[in-house]
Amino acid sequence: MSTAVARASVARRQRAAGRATRIGRVAMWAVLLAALGVSLAPGLYMISLSFMDNPQLFAGRLVPWPPHAENYPRAWVASNIGQLYWNSIYVSTASMVATVAISALAGYGLGRIRFAGRGLVYGIVLVGLTIPLQIALIPLFMNLRVLGLLNTRLALIGPYTAFGLAFGTYIMKGFFQGLPRELEEAARLDGAGELGIFARVMLPLTRPALATVAIFVFLQNWNEFLFALTFITEGKMRTLPTGIYALLSSEFYGNYPILAASLVLFSVPVLVLYFVFQREFVEGLTAGALKH
Amino acid sequence: MSPAARRRWRSNLAGYAFAGPALVVLAAFLLYPIAYSVSLSLHEWDGYTPHWGPFVGFENYRALAGDEVFWRATWNSILFVVVRTPLEVGFGFLLALLLNRRLALRPLLRTLFFVPVVMSLIVVTIIFQRVFEPNTGLLNTFLRAVGLGDWAHPWLGDPATALPAVIAVSVWKNVGFSLVILLAGLQGLPQDVVEAARVDGANAWQLTLRVITPLMRPILALTALLSIIGGLKVFDLVFIMTRGGPTYSTEVLATMLYREAFELNHMGIASAVAVILVVLVLSIARLQTFVLDESPEGGQA
Amino acid sequence: MSDDAGHRQTHPTRGMSRRKLLELGLVSAAASPLLRAGRARAQTGGAQPTVTKTPTGELKNPAELKAPKVKASAPTTISFWQYVGFHVDAQKFIAEEYKKRHDPNLTLEITAYPGLNEQRVGVKSAFAAQSGTPDIVAIEPGAYAVDVYTSGSVLDFTKVFADDPEYKRGFWPNALQLLTINGAIVSVPAVTNTVIVYYNRGMFQQHGLEVPNTLEELKKVGAALNAKGIMPIAYPAGQDRNFPIFPYYTYTGGIKADKLMREADLGLKPWTSPELVAGAEFVEMMAKSGLYAKGPLGIKEPDAIQIFATGKSAMFWGGQWMRRSIRAALPPNFDLAIFPFPAVVAGGHKPVLSSVGITLTVNARSKYPDLAFEMIKALTGPWGKIEYTRNLGLSPNGPISADAIAYQMQSLKDPLYPEFLKLQPTGTTRVIFTPAVEEAMTQGMQALITGQKTPKAVMESVEAASQKLGARKFRAG
C-alpha cells in the first residue's frame, strides 16, 4: 500500500473516529446528566419542600414561593433537635471509635497472623455481615434489661459496635492482607514484637481503610432506627432517627414542610461529613474491598 | 517445646489476642441472638408471657413449608435480588465506565451520585410515597404532562407494580455505592493491557466487552455479592413503603419475620423465618464465592 | 327524642324512643343538653361560630378534678408509654394540674412512640422482660388488649370501678363493652374516634349536589362528580391495616350485623354467613363503583388529604383524628363539613364507625399500681376528659355537659366539633379481636379492592384462618 493511500485511510479512520467520539461524548454527557438528575431529584425536592408551607405543597408546587425559612428554627425547637443531635453524635461516635479500634486489631490478626481456627473466626465475621438485625432485637433487649442498661447510651453503643465490626473487620483484613511482607520482616528484624509491628508499622499505612470504616459505620449508626426505638424510650436519651420519626405523630402531624426541614437537619451532618471525607472514604472502601 | 511449636503457640496467642475483642463483641451481640433464635424457632411463644411456650421441634418449619405467604415472601426476596442486583451493578458499571475518563468533574460527579446512598431511609420513603401516589404524585403528573397519561398507574396500590416500584427505589438508592466501587476498580486496572488493546485497533465497544469486563470480573463479583446480601436482608424500605402489601405482593422474608413476631405474636415462627433467612444468605454468599473461585482468605488483588 | 331544629344531617337515632335509647346505653340523660348545645351552633361553615350565649367572663371547666384516694408518699415518677405524639401536650397539662392541685409528689413521664407498631414492639419487649416500666400503657382495643390481658401483663379496672361507680358512668357503655375481656374491663378510653365523610360544601353547592342519605344517592352524586372530572371520594386505603376494612365495617354496621361480626371474630359463627359475605360484596362494589380516587391502596393519608384539599376530590373518607391535618391543608375559604356515611340498605340507618381512641391500662408489674390508676382517673375522669379533648378537638370518652362544650369551644373554635359529638353515641365497632382474623381481613379486603379475589373466596379464607385457630381462649365484649 502506498504511503499516500495509507495516510489517507488513517486520516479517514481518524475523522470517523473523531465524529464517533463527538457523538459519543454528547451521548455520554446526556446519560450522565440524566442519571444525575434522577439521583438528585428526590433530595432536591425534599429541600424545596422544607421551605414551603402546607398550602403550597398541596397546590402541587415544586418550588417554594415565598420561601419559609422559619420552618428550620421551628423544626429545631419542635423536635428538641439539640438534645437529639447530642445523643446521636455521642452514640455514633463512641461506637464508631470502638468499631474502628476493634476491627483494626481483628483485621490485623486475621490478615497477617496465621493462627489455628483463623478460618472459623473469619467465618463468624462473615456471618455478622449477613444476618438480618431484627433477629437480635428481643434477646438483646432482655439481656440489657437484666443488666440494667436500658435507656442508657451504652445500650446502643454495644450493638452498634457489633453491627459495624463485621464490615470493619472485613475491610481491615483485606487491607492488612495487601500490605507487603517486606515491611513486616524489616520491622521484625529490628526486634519489634507483634504489637509493635501493628501499631508502628502497619496501622499508619491503613489510614484510608480506617477512614472508610469510620465513615461507613458512623453513617450506619447515625441512621439506625429499630434498635434505637426499642432500647431507648426516654425522650432525653433519644437519638435523631426516632426523634424525627416521632414528629410524624406529634403536633406537626400533617405539617410536611416542617417534617422535611427536620429531615434536612437530620441529613446535613452526614452529607457534610461525607463530602469532606469522601476521598478517604472512597479510597479506603475500594482498597479494602478490592484487596480480597 | 520445639522452636516451631513455640512459634505456632506464639502465633496462636497473638492471633487470638488481636481477634479477641472482636470475637467477644460478636459473640455477645450476634452469636448469642442467633443461638437464641435457633432455639426459639423450636418452641412456641407469644412474646408476652415471661417464659417460652412448649417445645415443638420442627413444627414451626413444617408450618412454614405449608404456608403460601412464606413461599410468596421467599419468592419475592429472590425476585428482589435477581432483579435489583443486575440493575444496580449494571447501571453502576455503565456510569463508572462513563466517568472513567480524564474528567475534571469526576470527583464531584462521583460524590453527587453517592448522595442517595447517604440519605436516610425515612427521608427516601416519604419522598417516594409522594412520587408514586396515583392521583397527584410526581411520577403520574409528569407522565400526564408529557402526554403519556395512559401510563399513569397506581404504582404502589397495584400488586403487579408494587414490587417493581419498590425495587426501583432500592436501585436508585444503591447505584451510587456500586458506582464508587466499580469506578475505583476501573482506575486500578493495569493500564498497559488496556493500552495494548487500544493500539491494536479495538474500538470502544470491543475494548469494553473483551478487555475491561473480564479484567473487572472479581470486582463485579464482589459488588454483586454485597448487593445480593443487602437485597436478601432488605426490610426498612419495603416495610415503610408498603408494609409488604398489597396482598403480600411486596412481602419479603424480613417483613414476614416482623409481621409474625410483632403483629401475629408467633415468636417461634418468626425465629424460624429468621433462621431460614440467615441460612439462605450464607448459602448464596458461599455459592457465589465458590462459583467465582474466590476464597475469602486468598485473594486476587 | 327528635331534634326540632332543621339540620341537614339526619339524626341517627331519630325514631327511637328515649327509653329504648337509654336501654341500649346509647344516650345518657346528659346527652339531651348535648344535642341542644349542638343546635345552638347551627352554622358550620369556615367562619367563626356565633355563640348564642354570651359568656360573662371566661368560662371555666365545669367539672371538678377530684382528690385521689391514694397519694404518693415520696417523690415518685411513673412512666407512660403511648403512640400518638400529638396527645402529649394534653396529657402533660392534665398531669401537671393533678400534681399542682392534689399530689405534688407524683410526676408523670410520657414517652410518645412514633407509631403503634413501634410502641407495641417496645411494650412487648418490656413485658417479656417482666419490667415494671411502663407503669401506664396505652393500648388499642382488640387483639392488643386481649394479648396483654390474657398474658397477665396488665391489671383490670374491676376494683377501681367497684370503688368509684360514678367514674365508670362517665364512659360510653359500648366503649367499655369493647374493652371487656374475660368479663373484666381491661382499660379505659381516653378519647373516642369516629370515621366519617368530610366534604367540600362549597363544591357541593357549586354543582348543585345534596348530601346523600342513601347509597343510591351517593352513587348518583359520584356519577355527577365524575362527569365533571372530579373524583368523588379520597380514600386512603393504604394508610394502615385497618383502613381497607372500613367499608366492610360500615356495611355490617349499616345492616346491624356488627354483633354477628363480633361472634364470627370470636369463632362462634362462620365468616361465610350470608350477611358477612354481603359485606365483602359491598366492599367489592364500592371499589368498582368509580367512587374512589384511583388506586386507593397506594394512597396514604397525606396524599388523600392533598387530593381533597386541592379540590381534586369532593369528599374525604377518614377519621376525626385527621381533622387537624385536614384543616392545616385547606385554603382559607374552604367550607369544610361532614356527614355520616349514607345508609347502605334502603330504609336503613346510617352507620357511624366509631371506636375508642387510645385506651389506658396499668402494667401488672408496676411498682405503683394505685398511683397509676389515680393518674388514669385524672386523665379520663370528668374533669380530665374535658381538658384532654379541649385543644385536640377530639371527642371525649363519654357524655359531657353543654357547659363543658361551651368551655371547650372557647379555645377550640372549630364549628365541626359539636357535629362530631352528636355522632359519637351511635357508633358501631371497627375493631377485630383476633390477630390472625384481622390479618386475613386486611389481606382479603385488599384483594377485593384490587379485584384479585371474589367476595365469597375472601370470606372463605377469613373463615379458614378463623377455624385454624380453633376455640378462642378468651371472651370479649
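1. A residue counts as buried if 20 or more other C-beta atoms lie within 10 Å of its own, exposed if 12 or fewer, and partly exposed in between, with C-beta atoms placed from the backbone. In α10 of chain C, the buried residues are C:Leu215, C:Leu218, C:Val221, C:Gly222 and C:Leu225. Seen down the axis of α10(C), these fall within an arc of 120 degrees (taken from the directions from the helix axis to the C-beta atoms), so they line one face of the helix. C:Glu216 and C:Ala227, on the other side of α10(C), are exposed.

2. This is a predicted model, in which local features need pLDDT of at least 70 and side-chain atom pairs count only at pLDDT 80 or more, while totals for chains, interfaces and linings use all residues. Residues are numbered from 1 along each chain as its sequence is written, and chains are lettered from A and ligands numbered from 1 in the order in which they are written.

3. Helices (H or I, at least four residues) and strands (E, at least two) are DSSP runs, numbered from the N terminus. Just after α10(C), C:Gly229 has a positive phi of about 80 degrees.

4. The buried residues of α10(C) pack against β8 (231-234) and β9 (313-319) of chain C; contact requires C-beta atoms, placed from the backbone, within 7 Å.

5. Between chains B and A, 65 residues of chain B are in contact with 72 residues of chain A. On the side of chain B that touches chain A, α1(B) gives the most, with 20 residues.

Methods: Contact = placed C-beta atoms within 7 Å.
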